[in-house]
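Please consult the sequence and the coordinates alongside each answer.

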Amino acid sequence: MSTANGYRILAAIAAFLAVSGCDVSDGDGSTKVNGSVHITAGKAAEDARTVNGSIHVDDNASVNSAGTVNGSVRLGAHASASSAKTVNGAISLGDSAHISGGAGTVNGDLTLASNSEVSGSLTNVNGTINLTAAHVGGGIKTVSGNISIMGGSHVEGGILVQKPNSTLFNSDDPVIVIGPGAVVQGELRFERKVKLYVSDKATIGTVTGATPVTFSGDNPPN
């Protein structure tokens, strides 16, 4: 399922529940309307769904997919999921957590800790994207988000910063930092003005739409 379709499904669920005015939960609390969902280690993997609430997958726990509309999605250390989606909220992966598909939000930060992995794409519209020694297999896409790829992170599929289709978007130029030891394979394509900083110890693909500023040391110039 594409990220766009995932968002449409979540929005449709939210609209239905708003009209019905109900508050529903399944027997073990993995599907709710209002309230957070908590997946513990040792529980059989299944879908975790809510509309107004967060989803927390414990360390070493597994879930088939995690989706909410208004709330964050958090995977603990060594946790796993097939996908993670929200509309208004952050998505974070703890150390060595793994998502076999994609992870995406509309309004929220995306944070990948050391040795964590998203095998598919990593997408948002607004919010920062932070990778620390992490792996993304299907590229990174944003519109207004700052991106920090640090700690020897590896991104396959390139980076795409899309042109806003509305004047309501944040007008500040996104800041893209690719730190020492990081590798970004594929095209880095920028459809809007950005500030692109690339370490002299990083490896990147072809850049379109921006001029990289090379820096030495751990961090780019202020």
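Q: Which residue stands opposite T111 in β12?
A: S92 stands opposite T111. The model discussed here is a predicted one.

Q: In what order do the 10 strands of the open sheet follow one another?
A: The order is β1-β3-β6-β9-β12-β15-β18-β21-β24-β27, with parallel pairing. Neighbouring strands in this sheet are turned against each other by 10° on average, direction ignored.

Q: Why are β1 and β27 called edge strands?
A: β1 (37-39) and β27 (213-215) each pair on one side only. In the protein as a whole, the secondary structure comprises 1 helix and 27 strands.

Q: How do you know that E187 and R189 form a salt bridge?
A: The cut-off for a side-chain nitrogen of Lys or Arg and a carboxyl oxygen of Asp or Glu is 4 Å. The N to O distance for E187 and R189 is 3.5 Å, therefore the contact qualifies as a salt bridge. Side chains of opposite charge can pair when their charged atoms come close.

Q: What makes E187, R189 and E191 one network?
A: The side chains of R189 and E191 also meet in a salt bridge, at 3.9 Å from N to O. Salt bridges that share partners join E187, R189 and E191.

Q: Why is K201 called exposed, and which label does D200 carry?
A: Exposed means over 50% relative accessible area. K201 has 58%, so K201 counts as exposed. D200, with 40%, is partly exposed. The side chains of K201 and D200 meet in a salt bridge at 3.9 Å, N to O.

Q: How many salt bridges does the rule give, and what share of the residues counts as buried?
A: The count comes to 4 salt bridges. Of the 222 residues of the protein, 42% count as buried.

Terms used. Residues numbered from 1 in each chain as written. Predicted model: local features only at pLDDT ≥ 70, side-chain atom pairs only at ≥ 80, totals over all residues. Heavy atoms only, no water. Helix = DSSP H or I, 4+ residues; strand = E, 2+ residues; numbered from the N terminus. Buried < 20%, exposed > 50% of the residue type's maximum accessible area, 1.4 Å probe, protein only. Pairing = 2+ DSSP bridges. Axes fitted to C-alpha atoms, helices over the stretch in contact; angles between N-to-C directions.
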